[in-house]
Amino acid sequence: MEKKHKRVGIMGGTFDPVHIGHLLIAEQSYRQYGLDYVIFMPAGRPPHKQDQEIISNKDRLAMLRLATEDIPYFRVSDYELNKQGLSYTCETLSELSQKFPDTEYYFIMGADSVKDMDHWRHPEIILNLAHILAAVRDNTDIQALQAEAQRLREKYNARISLLGAPELDISSRELRGRIAAGQSIRFMVPEKVRNYIYYYHLYGS
């Protein structure tokens, strides 16, 4: 009997820390594209953030698990955290596609990242192995994004779809600053994550 074809979302990032915006985008991806589930995959050493201090893999993984543990279609993977060296999306997708050939992957990213795809390591591999879901926000230039998506479709035969993500102006960088300054992050991160941050005194709390 032929295996069921799965549709799986992958949401990468440092998640330093994970926040409500990440969860909303993952939820929208799951609903809008009928995914079986969404995997949150924290990066070990992202090549574009080598000069940025990132808290431990253990803490980022723990916060992600706390944030998603009550959602049956959200999963957390330590796949990239266990890899040696830098984390490259093309390598991860290649390895996962070989291991799970029955799965169709949807790679979730911010719309701003679409215009940078040519500068990613082996974009042709990424765009061949995954359907890109670009999260559009209120300040996104839709015409420019559509033009760039069309260029990538013509150059790489890419599959790129727009994701109507809720507008929520929260960033992990902003959260780290608020915590260090003693400002509230209530309702910006899941309550379990907020408690974890203060219990372990992360980000200068």
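Ile-10 stands opposite Ile-39 in β2. The model is a predicted one, in which local features need pLDDT of at least 70 and side-chain atom pairs count only at pLDDT 80 or more, while totals for chains, interfaces and linings use all residues. Residues are numbered from 1 along each chain as its sequence is written, and side-chain values use heavy atoms, with hydrogens and water left out.

Strand β1 (residues 6-13) runs parallel to β2 and is joined to it by six bridges; two strands pair if DSSP finds at least two bridges between them. Helices (H or I, at least four residues) and strands (E, at least two) are DSSP runs, numbered from the N terminus. Strand β3 (residues 74-76) also pairs with β2 in the parallel sense, over three bridges, and there Val-76 is the bridge partner of Phe-40. A right-handed β-α-β unit is made by β1, α1 and β2 (right-handed: with the strands pointing away from the viewer, the path from the first strand over the helix to the second runs clockwise).

Six of the six residues of β2 (residues 37-42) are buried, where buried means under 20% relative accessible area, exposed over 50% and partly exposed in between (1.4 Å probe, protein chains only). In a regular strand the side chains alternate between the two faces of the sheet. Tyr-37, Ile-39 and Met-41 point one way from β2, Val-38, Phe-40 and Pro-42 point the other way, and all are buried.

In helix α7 (residues 172-180), the buried residues are Ser-172, Leu-175, Arg-176 and Ile-179. These residues lie on the same side of α7 because they cover an arc of only 100° around the axis, the arc being that of the directions from the helix axis to the C-beta atoms. They pack against α1 (20-32) and α8 (191-199), with contact taken as heavy atoms within 4.5 Å. Gly-182, which follows α7, has a positive phi near 75°.

The count of salt bridges comes to 13, each being a side-chain nitrogen of Lys or Arg within 4 Å of a carboxyl oxygen of Asp or Glu. Arg-151 and Asp-118 meet in one of them, at 2.3 Å from N to O. Arg-151 lies in helix α6 (residues 142-156) and Asp-118 in the loop between α4 (111-114) and α5 (123-129), so the pair ties together parts 33 residues apart in sequence. Arg-151 also forms a salt bridge with Glu-148, with the closest N and O atoms 2.6 Å apart. Glu-148 is buried, at 17% relative accessibility. A network of salt bridges links Lys-83, Glu-91, Glu-95 and Arg-121.
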